[in-house]
Amino acid sequence: MTALQGYLTELVVAKRKEPTDDLLSDITTGDLTDEELSNIGTLLLGAGLDTTANMIALGMFALFTNPGQLALLRDEPDLVDQAVEELMRYLTIAHTGARTAVEDVELSGEVIRAGETVTLSLMTGNRDPDRFPDPDVLDITREGGGQLGFGHGV
């Protein structure tokens, strides 16, 4: 961890001097310290590694337990983008999120006031039958995407 933290601190310093087109460069333009930025880098690295590794393993498990879908993907490799979207929807490895209203908004007859925080169930959203027909079925040919695995926006 010490070596990783040292590497990320050096990377932050380099990104401040010569930014490139990436997230770490983008956040070096603010008033965060090098230590804060290297800690964010560590968090992003860990979160990205963990979720990616879990998604790959769970995606393979889902395909192996749905052999028809696996066979379809083997026969039609051009479906890979849709398959990834569908696996993200079907598995939803990030389960909850929170959002803060920036203005008053009415949702299903309830008013959420500006500044209030709402906890969201990404799993429930990804299995919403009004949005996804047969939501409990893995279907790599499903059109439209719209899964909530990464939330929405920055």
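Colleague: OK, so buried means under 20% relative accessible area, exposed over 50%, and partly exposed is anything in between. Where does that put Asp34: buried, exposed or partly exposed?

Modeller: Asp34 has 27% relative accessibility, so it's partly exposed. Keep in mind that this is a predicted model.

Colleague: How many salt bridges turn up in the whole structure?

Modeller: Six. Among them is Glu86 with Arg89, at 2.8 Å from N to O.

Colleague: Where do Glu86 and Arg89 lie?

Modeller: Both sit in helix α5, three residues apart, which is about one turn of the helix.

Colleague: Which other residue forms a salt bridge with Glu86?

Modeller: Arg142, where the closest N and O atoms are 2.9 Å apart. Glu86 is in α5 while Arg142 is in the segment after α6 (122-126), so this pair ties together parts 56 residues apart in sequence. Arg142 has 12% relative accessibility, so it counts as buried too. Put together, Glu86, Arg89 and Arg142 are linked in a network of salt bridges.

Colleague: Changing topic: how confident is the prediction, on average?

Modeller: The mean pLDDT for the protein is 90, and 97% of the residues score at least 70.

Colleague: Where is confidence lowest, and where is it highest?

Modeller: Strand β1 (residues 96-100) is lowest, with a mean of 84, and helix α4 (residues 67-75) is highest, at 98.

Colleague: Let's look at α4, then. Which of its residues are buried?

Modeller: Gln69, Leu70 and Leu73. Looking down the axis of α4, the buried residues fall within an arc of 100 degrees, so they line one face of the helix.

Colleague: What do they pack against?

Modeller: α3 and α5 (80-91).

Colleague: And which exposed residues are on the face turned away from the buried side?

Modeller: Pro67, Gly68, Arg74 and Asp75.

Colleague: Why does Phe64 count as exposed?

Modeller: Because its relative accessibility is 51%, and exposed means over 50%.

Colleague: Last one. Where's Ser25, and is it buried or exposed?

Modeller: Ser25 is in helix α2 (residues 23-27). Its relative accessibility is 2%, so Ser25 is buried.

Colleague: What is Ser25 in contact with, leaving aside neighbours within four places in sequence?

Modeller: Lys15, Pro19 and Thr20.

Conventions: Residues are numbered from 1 along each chain as its sequence is written. This is a predicted model: local features need pLDDT of at least 70, side-chain atom pairs count only at pLDDT 80 or more; totals for chains, interfaces and linings use all residues. Side-chain values use heavy atoms; hydrogens and water are left out. Buried means under 20% relative accessible area, exposed over 50%, partly exposed in between (1.4 Å probe, protein chains only). pLDDT is the predictor's confidence in each residue, from 0 to 100. Helices (H or I, at least four residues) and strands (E, at least two) are DSSP runs, numbered from the N terminus. The arc is that of the directions from the helix axis to the C-beta atoms. Contact means heavy atoms within 4.5 Å. A salt bridge is a side-chain nitrogen of Lys or Arg within 4 Å of a carboxyl oxygen of Asp or Glu.
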